Amino acid sequence: MSEMQTETTSADAPLVERVGAVLRTLDDLQEYLSGVVHTVRAAIPGCDAVGVTVVCGERPFTAAYTTAMTLQIDAVQYSLDEGPCLEAHDTMTSVRADLDEAAERWPRFVAAIEPTPTRGLVAYPLLVDGESYGALNLYAASVSAVEHADDSVLRATARRIAEVVASGIALAEANELVGQLEQAVASRAVIEQAKGILMGRHGVDEARAFDLLREQSSRTNVKLRQIAASVVAGTSGRS
């Protein structure tokens, strides 16, 4: 992320500081969000998946995610127009729920994701100056994992993310932003391929495979998608 200034990248820094950034160009936004979701997941013990929903023109879109399960759960919410991330965005308040107790709250959503291992759900609106730009979403197999997550930290973290998203929107019209984010997410196919290669090569999970890509990107000052393309092409050596 050579064109984007982040406040700090130290793993010892508070989570709120680690997700702060100043965008130089709109192209930096997707790379920023991709890093943020993995940073949040790593910082919350027991959290299995994290996503960021951005809403432009009443249209929700998953702008970044840690695992394919995140996309699956988000897609169900968007298609049914109910669920924690949409409720957090619409009401501008945080939402915490135990899936096993939420059937009356979101009956169709709960029925649709019942087969997944997810039981704890948390969503924080991306609020800036009284306006919501989407939601920060956390999913976990253990309800207690997300129930015990620090509310003040997550609220402040979501606010930081919202500030960066808002600055991205200020750089482009809403429709243009959605289009660019969709294109960027589509280009993540090569990153997903690279993660799969590294998972098989090193016997690590999906999150660690992504960390390996990010570490090499940081060491070489080469964009993440280029590192991923090199892994897929078999030209990057042993990442």
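**Reading the model**

Analyst: Helix 9 (residues 189-202) and helix 11 (residues 224-233) pack with their axes 8 Å apart, at an angle of about 55°. This angle makes helix 9 oblique to helix 11, since angles under 35 degrees count as roughly parallel, over 145 as roughly antiparallel, 65 to 115 as roughly perpendicular and the rest as oblique. Axes are lines fitted to C-alpha atoms, for helices over the stretch in contact, and angles run from 0 to 180 degrees between N-to-C directions. This is a predicted model, in which local features need pLDDT of at least 70 and side-chain atom pairs count only at pLDDT 80 or more, while totals for chains, interfaces and linings use all residues. Residues are numbered from 1 along each chain as its sequence is written, and side-chain values use heavy atoms, leaving out hydrogens and water.

User: Which residues of helix 9 and helix 11 meet?

Analyst: Contact means heavy atoms within 4.5 Å. Val190, Ile191, Gln193, Ala194, Ile197 and Leu198 of helix 9 meet Leu224, Arg225, Ala228, Ala229, Val231 and Val232 of helix 11. The residues of this contact comprise 10 nonpolar, one polar and one charged; Ala, Val, Leu, Ile, Met, Phe, Trp, Tyr, Cys and Pro count as nonpolar, Asp, Glu, Lys and Arg as charged, and the others, Gly among them, as polar.

User: How many helices and strands does the chain have?

Analyst: Helices (H or I, at least four residues) and strands (E, at least two) are DSSP runs, numbered from the N terminus. The chain has 11 helices and seven strands.

User: Is threonine 70 buried or exposed?

Analyst: Buried means under 20% relative accessible area, exposed over 50%, and partly exposed in between (1.4 Å probe, protein chains only). Threonine 70 counts as buried because its relative accessibility is 0%. Threonine 70 lies in helix 3 (residues 68-80). Leaving aside residues up to four places away in sequence, threonine 70 touches Ala49, Val50, Gly51, Tyr65 and Tyr139. In the chain of 239 residues, buried residues make up 52%.

User: What does glutamine 226 count as?

Analyst: Glutamine 226, found in helix 11, counts as partly exposed because its relative accessibility is 45%. Glutamine 226 and isoleucine 191 are 35 residues apart in sequence and 8.9 Å apart in space, C-alpha to C-alpha.

User: How many disulfides are counted?

Analyst: A disulfide is a pair of cysteine sulfur atoms within 2.5 Å, and by this rule the count is zero. Cysteine 56 is buried, with a relative accessible area of 7%, and cysteine 85 is buried, with 1%.
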